[in-house]
Amino acid sequence: MSINILKEIKNDNEEMRSAMCETMIELAEKNDNIILLDADLMTAMGTKPFQKKFPDRAVDVGIQEANMVGVAAGLSVAGKIPFAHTFAPFMTRRALDQVFISAAYAKLNVKLIGSDPGITASLNGGTHMPFEDMGIMRLIPQATVIEPTDTVQLKNILKQIVDIYGVHYLRVVRKTTPRVYEDGSTFTIGKSVLLRDGSDVSIIASGYLVSQALEAANLLAEENISARVIDMFTWKPIDEEAIVASADKTGAIVTAENHNIVGGLGAAVSNVLVSNKPVPVEMVGVHDQFGEVGPVGYLAERYGLTASDIVKASKRAIKRK
Amino acid sequence: MDKETARERKRFAKRIQMETVKMIAKLGVGHIGGALSMADLLAVLYGGQLRHDPQNPQWKGRDWLVCSKGHAGPGLYAALALRGYFPLEQLDTLNRPGTMLPSHCDRNLTLGIDMTTGSLGQGASSAAGIALAHKLDKAENIVYLILGDGEIQEGQVWEMALFAAQQKLSNLIVFVDNNHLQIDGPTDEVNSLGDIAAKFRSFGWFAADVCGHDPVAIDDAIELAKRQTEAPSVIVLDTVKGNGWTATAGKAGSHSRTISEDEKNEALLEMQQAYDEI
């Protein structure tokens, strides 16, 4: 793990999907076993350049997610390393039994990419807006469940999972997302990143909420509240050590996720705390609601996923100490 | 296939059926109907068509078999044991705690089982994936897939049917064990499958209808399928569920049922007589 954090967090010039395609091409050049599958969303995910470069190793099954996951399982049993992509709700809801039985229960080596997490599904609206995908995937025994924060982390994690046997689920924003890390940073799956140290409250965030958490920490500092910020990009196996250490150090926790808090990061962190170090926990996330259509900024306000929501939650958590 | 080979396959099928009955009776209950109906197919495959090596189940040059109707595992376990993948006594452990022979096929537990199945329809896509992997490698392995007739009510089978034709998976040979019964009754009464071969043909497949209890017909159809260079193949086997034992043959309740010691003896007597007459 060698991590350098950017001094100023701002929107990336590079889209997550182009980071993914570029990395997959790089990996496929070195490893003939890599196969990229999609269910009619190669255009949407920007993986057409991969298809152009490796026409035989880009398998677009058309609009049939269940078959795609089953074919991926079959490719794996015959020694290939399949990476399958579709929108997160289709991967985790529509093809769930195929993911569960054909890939995970059969103990195969299948990499699943679900795109457009939570409010980033934006104008596709409620049918396409997954607030439950990570929770669903966490329930699959032995699956590794990751939400890469930015392009740097995504590239590094894609490179790692090629060599780690098993079912991996990556929840990936398609377009741009705030950049947190400097180029070349490397991460350890299952080990969170301490982005900022603090003593009054710990904000454990993931995905879209990481940059919001950093902004919240700045706002809290203006009020002399010292916030510790953690990027919990691996939801499973979750970094228990960092969660307990944060509870020890600050005595109050805020979780922040672009996901339903029922079965989400808040629940996962709370599970660790109740067994090890019970402290007050406040959860910023979607409170058991469906998605709806709108721009990301509007949706962040609508579901309470902003820096200001994290600030309020932090104060509530501190008060409950 | 010459006459003596055909008789050999028929005898092998009877032995598969007898071992299946014994193994299920040992526990007292199990999925007997769909295991018995595919015994003749297994006899043709494990009697000679399938390239395999019981001493080296992961042999690179082998043909693959995905039994997507995973509940028919006991029939397959009988064939595997008879071919030497594991001792026949192992069959007595079917569905016992810690067994390597679970009710539904599991690639991680049983030598000779290529894919984990049990959630119907899913083995179809897995088999297509295995076939695609070999096609990409320009390898000559054949992937055989066994589907139940009721199973093809699952939409995933038809997703695969489109996909395999598009990908020109001529190394994929599918059998539909068309035994006309599912748990809740005749397939025609529950949700009729119509002309299965015609449906696959319309998807761009090579399709053949044959008697599923005639080893010569099955073998001939496989030879035709192996000659396909572009299209995947389906061989629709007209079969009788619970075939080989009067108490189960053509009976809707034969999907899963209890078998007492007396019933086992009755079944074995009937099967032994049939064996002796071959």
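A:D116, setting aside residues up to four places away in sequence, touches A:F87, A:A88, A:A121, A:N124, A:H128 and A:R174, where contact is taken as C-beta atoms, placed from the backbone, lying within 7 Å. This is a predicted model, in which local features need pLDDT of at least 70 and side-chain atom pairs count only at pLDDT 80 or more, while totals for chains, interfaces and linings use all residues. Residues are numbered from 1 along each chain as its sequence is written, and chains are lettered from A and ligands numbered from 1 in the order in which they are written.

**Surroundings of A:D116**

- A:D116 sits in the loop between strand 5 (111-115) and helix 7 of chain A, helices (H or I, at least four residues) and strands (E, at least two) being DSSP runs numbered from the N terminus.
- A:D116 counts as buried because it has 26 C-beta neighbours inside 10 Å; the cut-offs are 20 or more other C-beta atoms within 10 Å for buried, 12 or fewer for exposed, and partly exposed in between, with C-beta atoms placed from the backbone.
- Between A:D116 and A:A143 there are 27 residues in sequence and 20 Å in space, C-alpha to C-alpha.

**Domains of chain A**

- Chain A divides into domain 1 (15-180) and domain 2 (193-319), with bounds that come from an automatic or database domain assignment.
- The centres of domain 1 and domain 2 of chain A, taken over C-alpha atoms, are separated by 26 Å, and 27 residues of domain 1 are in contact with 28 residues of domain 2.
- On the side of domain 1 of chain A that touches domain 2 of chain A, helix 7 (133-138), strand 6 and strand 8 (178-181) each supply at least two residues.
- That side of domain 1 of chain A is made up of 13 nonpolar, 10 polar and four charged residues, with Ala, Val, Leu, Ile, Met, Phe, Trp, Tyr, Cys and Pro counted as nonpolar, Asp, Glu, Lys and Arg as charged, and the others, Gly among them, as polar.

**Seven-stranded sheet of chain A**

- Seven strands of chain A form an open sheet in the order 3-2-4-5-7-6-12, with mixed pairing; two strands pair if DSSP finds at least two bridges between them.
- Strand 3 (58-60) and strand 12 (234-236) of chain A stand at the edges with a single partner strand each, so one side of each is left without a neighbour in the sheet.
- The twist from one strand to the next averages 20°, angles running from 0 to 180 degrees between N-to-C directions of axes that are lines fitted to C-alpha atoms, for helices over the stretch in contact.
- Strand 6 (residues 144-146) and strand 12 of chain A run antiparallel and are joined by two bridges, with A:K236 of strand 12 as the bridge partner of A:V145.

- Strand 10 and strand 11 of chain A run parallel and are joined by five bridges, A:I204 having A:I230 of strand 11 as its bridge partner.
- The buried residues of helix 13 of chain A include A:I310, A:V311 and A:A313, and their cover includes helix 9 (208-222) and strand 11 (227-231) of chain A.
- Just after helix 9 of chain A, A:N224 takes a positive phi of about 60°.

**Chain B and the contact between chains**

- In the contact between the chains, 22 residues of chain A meet 23 residues of chain B.
- Helix 4 (65-77) and helix 6 (96-105) of chain A are the elements that give two or more residues to the side of chain A that touches chain B, and the largest share, nine residues, comes from helix 4 of chain A.
- In strand 2 (residues 64-67) of chain B, B:W64 and B:V66 point one way and B:L65 and B:C67 the other way, and all are buried.

Definitions and conventions
Contact = placed C-beta atoms within 7 Å.
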